[in-house]
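Trainee: Please put the model up, and then take me through a few places in it.

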Amino acid sequence: MSDGTNRLNLHNTLTRSKEVFKPIDPQNVRMYVCGPTVYDFAHIGNARPVIVFDVLYRLLRHLYGADHVTYVRNITDVDDKINARALRDFPELPLNEAIRRVTEKTADQFHKDVAALGCLEPTFEPRATEFVLARADGKADMVSLIQTLIERGHAYEAQGEVLFDTASMPDYGQLSRRPLEEQQAGARIAVDVHKKNPQDFVLWKLSSPEEPGWDSPWGRGRPGWHIECSAMSAAYLGEVFDIHGGGLDLIFPHHENEIAQSRCAHGTHTMANYWLHNGFLQVEGQKMSKSLGNFFTIHQLLETDIFGGRKWPGEVLRLAMLMTHYREPIDFAVRKLEEAENTLRKWKRAADLATAPAAVPDEMIGALCDDLATYPAFQFLSQLAGEAAEGNAAASSLKAALAFLGFDVFSAKVDEALVERRIAGRLAFIREKNWAEADKIRDELLGHGIQLKDGKDPATGERVTTWEVKR
């Protein structure tokens, strides 16, 4: 195990600078990343932080040892839309059980999607609903944190709700560095008439008789958005931990308010020492929006022909996301996926020439240690692919590198039944003289290393198609 102290450099949003990563405890490096709200299937914007922080997780495990890294990614199942659906669909069940029923499908699909993207499972994946009330195991919970904030003078009740008093924290706003007049902290319901200060935000809100809720010292209600992550991160990582990650859109108000709650409740100088944020995602040069018709879920890209007229393998989506540095904006486009697919095909062909196991190359690790610099890392992989010849060390190093990056989870075996079904579909298109669709299937299979050969049956004269794995 390497101590990694002088190797890894990360850009810290809190300081706006690249810093040497120094874990609080090298024997237990701790990272928290905001996970999905499982009201609907995860979209491609959700895929980016999952992939980015999976690479960081792998890098930390490489540097410090797999048993010395704790990665927590939460499931947000406390949401007014989820709660309303739970009440409507399962009125006879206790709230938590009803919510679980509502979110089971979307949470299960999320797990299938991220597995297809080559991501490791986090160490812990807590659900928000399990951390609202005091727990039997004594782990941090939302109601107890809110009570502590009130006792310490950082929160107040207003007409049955509880609000965080931002004026009680002199350095509120350090992460986002937004002027006070812009700090209209996002709450899930309008409470301006209750606020002492415009930027105060909701910790607990009342539930009407027809709304789901939990019993609390302030009446029956439900937690605000931000308090859940403060509770779940403290439950598994402690009051202060190493890395907190998420998308750029979460800096304000979510992460800013997490910091405020956690620091004021625990009396600490910080919540996490390093804050990492991935950049925004556009689709074909436009902001992703349902109204523009360019809103795609991970599931749709994997299983339908909705984007670019074909399905895309999870490993291709993964590489396409990583080809742009994580802090830069990314334009998610068909051409980018095609480029990723071609690159991955070349790498895999070269890696297939490996004849012996090899260590993950230091050159690639060195590049990733510079704030996850994937561009020079991938340049090195392309160099290895160019140098690969049967039995040489470059092919073995490339294979080890691809495995490290998460491409090892994709089976090297060919699904023969699937190939035969695709060939049968292609022959049907040929009989219909639909050459475009027939060519699309041929190219799709070639993208997976399957080369088709057309010929004639000697006995009947009918077209037959055979195939081989192209090396």
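Trainee: In which helix is the place of Pro253?

Mentor: This is a predicted model, in which local features need pLDDT of at least 70 and side-chain atom pairs count only at pLDDT 80 or more, while totals for chains, interfaces and linings use all residues. Residues are numbered from 1 along each chain as its sequence is written, and side-chain values use heavy atoms, leaving out hydrogens and water. Helices are DSSP runs (H or I, at least four residues; strands are E, at least two), numbered from the N terminus. The run that covers residues 251–266, and with them Pro253, is α6.

Trainee: Is the peptide bond from Phe252 to Pro253 cis or trans?

Mentor: Most peptide bonds are trans. The bond from Phe252 to Pro253 has omega near 5 degrees, and is cis.

Trainee: Is Asp371 buried or exposed?

Mentor: Buried means under 20% relative accessible area, exposed over 50%, and partly exposed in between (1.4 Å probe, protein chains only). Asp371 has a relative accessible area of 1%, so Asp371 is buried.

Trainee: And Lys433, is that buried or exposed?

Mentor: Lys433 lies in the loop between α13 (416–431) and α14 (435–447). Its phi is positive, about 60 degrees, although Lys433 is not a glycine. Its relative accessible area is 60%, so Lys433 is exposed.

Trainee: Which residue joins its side chain to that of Thr129 in a polar contact?

Mentor: A polar contact is a pair of N or O atoms within 3.5 Å; within protein, one must be able to donate a hydrogen and the other to accept it, and residues adjacent in sequence count only if both atoms are side-chain atoms. Thr129 counts as buried because its relative accessibility is 7%. At 2.8 Å, the side chain in polar contact with that of Thr129 belongs to Asp77.

Trainee: With which residue does Arg310 form a salt bridge?

Mentor: A salt bridge is a side-chain nitrogen of Lys or Arg within 4 Å of a carboxyl oxygen of Asp or Glu. For Arg310, the closest N and O atoms are 2.8 Å apart, and the partner is Glu341.
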